[in-house]
Amino acid sequence: MTKYLLPVALAAAIAFPALASAADTQPPPRIVVSGEGEATVAPDMTILTLSVMREAKTARAALDANNDAMAAVIAAMKSAGIADRDLQTAGIQINPRYNYTNKADGSQEAELVAYQVTNTLSVRVRDVDKTGDILDKAVSLGVNQGGGIAFTNDDPKATITEARKKAVADALAKAKTLAAAAGVNLGKVIEITDQNVAPAPMPLNAKAFDAARAAVPVQAGENSYTVQVTVTFELK
């Protein structure tokens, strides 16, 4: 019988160390917390999204009229000191416009009445104080569609770094509180991930285009940069 038991004993001798090794490789207890940090800074650049819409009986005539109006807007931007690198076409749309007539049978009859061409321009204004004047010039020369206005920063790295430090400190404070409440001690940091939340652009009210020819009043305020982190700590 001994010869039959020997393989079983050898298999057990191999299996038990493997089980012990698996137990040794189990991840240590850990805690995952989130933190948030915010830092503010005055903006030093404005991004405008401006659109020119023109309508005509044919697509060709609408496009030609739009081209003339947008060319005048771009020329005004350049004369105001906007560099070529800060002017970018964001999109061109050509859409037919129909009039719909209800018929006696309940259906509708569509009549093509015109074509609309919309050209959208993105403008970076690197002198925030000039934003109102730039808007006024653009509207005077043909911009007639609302777009967006965003007050941003050319290089927000220092502000984001400050927000990131605050976020990590917030996560650490939370972890210490939770660990103390649970009667355990924090160990080393196992993993950190972060996510930046940039300021959102504000809509530009199209009604402002009907205002007087005075420079559009613009308040830049402050930009708030937020960083959210997720930190994993080992528990002792």
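Colleague: Why is Asn 223 called buried?

Modeller: Asn 223 has a relative accessible area of 5%, and buried means under 20%, with exposed over 50% and partly exposed in between, using a 1.4 Å probe and protein chains only; Asn 223 is therefore buried. The model is a predicted one, in which local features need pLDDT of at least 70 and side-chain atom pairs count only at pLDDT 80 or more, whereas totals for chains, interfaces and linings use all residues. Residues are numbered from 1 along each chain as its sequence is written, and side-chain values use heavy atoms, with hydrogens and water left out.

Colleague: What makes the link between the side chains of Asn 223 and Asn 153 a polar contact?

Modeller: The two side chains come to 2.8 Å, and a polar contact is a pair of N or O atoms within 3.5 Å, where within protein one must be able to donate a hydrogen and the other to accept it, and residues adjacent in sequence count only if both atoms are side-chain atoms. Asn 223 itself lies in strand 8, residues 223-235, where strands (E, at least two residues) and helices (H or I, at least four) are DSSP runs numbered from the N terminus.

Colleague: Why is the pair of Tyr 98 and Tyr 100 called tilted?

Modeller: A search of the whole structure finds 1 aromatic pair. The ring centres of Tyr 98 and Tyr 100 are 6.2 Å apart and the planes stand at 45°, while rings of Phe, Tyr and Trp (its six-membered ring) pair if their centres lie within 6.5 Å, with planes under 30 degrees apart counting as stacked, over 60 as edge-to-face and the rest as tilted; the pair is therefore tilted.

Colleague: How do you know that Tyr 100 counts as exposed?

Modeller: Tyr 100 has 52% relative accessibility and so counts as exposed, whereas Tyr 98, at 36%, counts as partly exposed.

Colleague: What makes Arg 97 and Glu 55 a salt bridge?

Modeller: Their closest N and O atoms are 2.9 Å apart, and a salt bridge is a side-chain nitrogen of Lys or Arg within 4 Å of a carboxyl oxygen of Asp or Glu. Because Arg 97 lies in strand 3 (residues 87-102) and Glu 55 in strand 2 (residues 45-56), the pair ties together parts that are 42 residues apart in sequence. Arg 97 counts as partly exposed at 30% relative accessibility, and Glu 55 is partly exposed with a relative accessible area of 38%.

Colleague: How do you know that Asp 64 and Arg 60 are separated by about one helical turn?

Modeller: The two residues are 4 residues apart in helix 2 (residues 59-79), which means a separation of about one helical turn. Asp 64 and Arg 60 also form a salt bridge, with their closest N and O atoms 2.7 Å apart.

Colleague: Why does Asp 86 count as buried?

Modeller: Asp 86 counts as buried because its relative accessibility is 5%. Asp 86 forms a salt bridge with Arg 124, the closest N and O atoms being 2.9 Å apart, and this pair links Asp 86, in the loop between helix 2 and strand 3, to Arg 124 in strand 4 (residues 108-125), 38 residues apart. Asp 86 and Arg 124 are linked with Arg 126 and Asp 154 in a network of salt bridges.

Colleague: Why is Asp 154 called exposed?

Modeller: Asp 154 has a relative accessible area of 52% and is therefore exposed.
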